[in-house]
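Dear colleague,

My findings follow directly after it.

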Amino acid sequence: MIPRKRFGQNFLHDQGVIQHLMDVIAPQPGDALVEIGPGQGALTVPLLQRVNALDVIELDRDLIEPLRQRCAGRGELRIHSADALRFDFSTLAVAGTRLRIVGNLPYNISTPLMFHLLSQAELLRDMHFMLQKEVVDRLAAAPDTADYGRLSVMVQFRCAVQPLFIIGPEAFDPVPKVNSAVVRLIPHATPAAQVRDTEVFARVVKQAFAQRRKTLHNNFKGLLDDGQLRKIGIDPGWRAERLTLAQFAALSNMVDSSLIAGANGAD
C-alpha cells in the first residue's frame, strides 16, 4: 500500500519501536482501547492480541479491507470508517468505561484532534500518541519558553503530560524529515486550575496567544484592562508565554462572559 500524502501517512514498521510501545501502553484484556489511524496494522495486531477486542478509526477506506484480513482470527476488530476529528468517542464508552486512546497521528491533524479529544476528556483514561517531536515539546513546555503556547496551556489544564521516548525517522515508511516522539496524556480527575467557566478560559488563552509578539495589553483590548491585569500581579507589558496556568485561570475568572462572543483572536 502506497502511503497517501493527503492523509499525512507515515507507516511505522520498526519492530523494536513497536515492542517499546507495547511496554509503555501495557494493554490488558478488558481495556476499552481505541486506535486512531491504524494504517497497515503495525500497532493494531499486537494491541488486538493483548486486549482481544479493539476499536479502530480509519479515514482511508482503501486500508480497511487489508487491515481486516491481517487481523482475522486475532480477536474482535471493530473498524469505524470515519474522520477522527468528527468522531463521537462517547459511542465507544460503554457502561461507563473510560477509553484508552492510541495513535500514530499525522502532523496536519494532531492539534485539532487534541482539542477534539480534550472536549471529551471525561471519557478518557489515558492517551498514547506518536507525534512529531516538536508537537510533544509544545505539549510539555513550561512557561517562559519558546515552545509554550495555547496548546501547552489547554492540554496541561486537562491532562498530565509525560513525554516517553524519541523515535528516529527510519522507523517509518516513507521516512519523514523530522524525529517523532511518544507522549502519554492522563486526564486530571479535576482540571489543574480552578476556573468559573471553561469556555471563557479557553477563549482567554486563545486571545492571549493570538499574536504572540504582542503584549497582553494589546491582545486583551476589549476584554481586560491594564488595571485588572495588575490587580492579580500581571504586567500588561508581558507576552502570553510568561503566564502560568494558574495566572490564566485567574484572568479568565475576571472576564465577563458576555464579552467573549465579540472577542477577536485567531483560531
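Helix 5 (residues 133-140) passes helix 6 (residues 150-158) in a right-handed crossing; a crossing is right-handed if the near helix is turned clockwise from the far one by less than a right angle, and left-handed if anticlockwise. Helices (H or I, at least four residues) and strands (E, at least two) are DSSP runs, numbered from the N terminus. The two axes, of helix 5 and helix 6, come within 7 Å and cross at roughly 60 degrees. Axes here are lines fitted to C-alpha atoms, for helices over the stretch in contact, with angles from 0 to 180 degrees between N-to-C directions. Helix 5 and helix 6 are therefore oblique to each other (under 35 degrees counts as roughly parallel, over 145 as roughly antiparallel, 65 to 115 as roughly perpendicular, and the rest as oblique).

From helix 5, Val135, Arg138, Leu139 and Ala140 meet Leu151, Ser152, Val155 and Gln156 of helix 6, contact meaning heavy atoms within 4.5 Å.

The model is predicted: local features need pLDDT of at least 70, side-chain atom pairs count only at pLDDT 80 or more, and totals for chains, interfaces and linings use all residues. Residues are numbered from 1 along each chain as its sequence is written, and side-chain values use heavy atoms, with hydrogens and water left out.

Within helix 6, Leu151, Ser152, Val153, Met154, Val155 and Phe157 are buried (under 20% relative accessible area; exposed is over 50%, partly exposed in between, with a 1.4 Å probe and protein chains only). These buried residues pack against several elements, among them helix 4 (107-118), helix 7 (198-208) and helix 10 (245-252).

Helix 5 lies across strand 6 (124-132), strand 7 and strand 9, at about 135 degrees to strand 6. Helix 6 lies across strand 7 and strand 9, at about 115 degrees to strand 7.

The open sheet has seven strands in the order 4-3-2-5-6-9-7, with mixed pairing; two strands pair if DSSP finds at least two bridges between them. Strand 4 (76-81) and strand 7 stand at the edges with a single partner strand each, so one side of each has no neighbour in the sheet. Strand 3 (residues 53-58) runs parallel to strand 4 and is joined to strand 4 by six bridges. Glu58 stands opposite Ser81 in strand 4.

Lastly, Gln49 lies in helix 2 (residues 44-51) and is partly exposed, with a relative accessible area of 44%.

With kind regards
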